[in-house]
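Please look over the sequence and the model shown below before reading the report.

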Amino acid sequence: MNGIFAAVFLLSAAMFLIFDPEGFLPALLSGGEKAATLSLSLLAVYCVWLGFFKVLERSGLAGKLSRAATPLARRLFKTDDKDAVYLASCNLSANFLGLPGAPTPLGVKAVEKFCAAKNHYAADMLFVLNATSLQLLPTTVIALRLAAGSSSPSDIFLPTLLATLFSTVLGVLLVMIFCRKRKARK
């Protein structure tokens, strides 16, 4: 992948140098400046939301939200392993609230528990649910739009909710179909 990115960059730089040699260096420097500004903006958003998740965790609200999702998670992951279901529920709850980065360690621990119990269906399902990431609050996208100077960065709320809802439902159905076929072949 790095080779592909390097090739695209070198080809683009060569084309830029051929067609606009005077604009190459200013464009390169302004692009780097914009990338650094965007990275700092995202870092601030991540810090705020990770702190918010820690407050939710310490206050017990994250656990309550996770427990509320546990009955659905048990059916979805087809397991009775309370620790794995709790971790997966916390992971999904944090994703649902749009807390970037916070759910990753929880998801990794849940997948480790699912794989240790040889429940690859549950691990596959959690992977798909994280990839489709049903989100009530798309905080990262809103932050990116805000950093880009959008006059109404939260206009993305409803389209994101509908798109992630559709992708999550489709992903769950596909895992159910293909895992059933995989079991039938064995």
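## Basis of the report

The model is predicted, and local features need pLDDT of at least 70, side-chain atom pairs count only at pLDDT 80 or more, and totals for chains, interfaces and linings use all residues. Residues are numbered from 1 along each chain as its sequence is written, and side-chain values use heavy atoms, with hydrogens and water left out.

## Overall fold

The protein has 8 helices and 0 strands. Along the sequence the pattern reads α-α-α-α-α-α-α-α. Helices (H or I, at least four residues) and strands (E, at least two) are DSSP runs, numbered from the N terminus.

The radius of gyration is 21 Å, while a compact globule of 186 residues would have a value near 16 Å. This radius is taken over C-alpha atoms, and the globule rule is 2.2 Å times the number of residues to the power 0.38. Along the principal axes, the C-alpha atoms fill a box of roughly 65 × 45 × 30 Å. Of the 186 residues, 30% are buried. Buried means under 20% relative accessible area, exposed means over 50%, and partly exposed lies in between (1.4 Å probe, protein chains only).

## The largest pocket

Rolling a probe the size of a water molecule over the atoms shows where empty space is left. On a 1 Å grid over the protein atoms alone, a cavity is a set of points where a 1.4 Å probe fits but cannot get out; a pocket is an open set with protein on both sides within 12 Å along at least five of seven lines; lining residues have an atom within 4 Å of a point. Grid points are joined across faces, edges and corners, and a volume is the space filled by probe spheres set on the points.

The largest pocket has a volume of about 380 Å³. Its lining holds 18 residues, and L72, L76, L92, L129 and L134 lie nearest the centre. At least two lining residues come from each of α3 (61-77), α4 (82-96), α6 (120-132) and α8 (157-185). The largest share, 6 residues, belongs to α3. By type, the lining of this pocket has 13 nonpolar, 5 polar and no charged residues. Ala, Val, Leu, Ile, Met, Phe, Trp, Tyr, Cys and Pro count as nonpolar, Asp, Glu, Lys and Arg as charged, and the others, Gly among them, as polar.

## The cavity

The structure holds 1 cavity of 30 Å³ or more. The space in the largest cavity is about 40 Å³, and its lining consists of F53, L56, A62, L65, C90, S93, A94 and L97. Two or more of these residues come from each of α2 (21-59), α3 and α4. The most, 3 residues, are given by α4. The lining of the largest cavity divides into 7 nonpolar, 1 polar and no charged residues.

## Aromatic rings

The whole structure contains 2 aromatic pairs. One is F16 with F24, an edge-to-face pair with 5.9 Å centre to centre and 80° between the planes. Rings of Phe, Tyr and Trp (its six-membered ring) pair if their centres lie within 6.5 Å; planes under 30 degrees apart count as stacked, over 60 as edge-to-face and the rest as tilted. F16 is partly exposed at a relative accessible area of 31%, whereas F24 is buried at 17%.

In the other pair, the ring centres of F77 and F114 are 5.4 Å apart and the planes are at 35°, so the pair is tilted. This pair links distant parts of the chain, with F77 in helix α3 and F114 in helix α5 (residues 104-116), 37 residues apart. Both F77 and F114 are buried.

## Two lysines in loops

K78 is in the loop between α3 and α4. It has a positive phi of about 50° although it is not a glycine, and K78 is exposed at 52% relative accessibility. K78 also lies over the face of Y121, at 4.7 Å from the ring centre. A charge sits over a ring if NZ of Lys or CZ of Arg is within 6 Å of the ring centre and within 35 degrees of the ring normal.

K118 is in the loop between α5 and α6. K118, not a glycine, has a positive phi of about 60°, and its relative accessible area of 68% makes K118 exposed.
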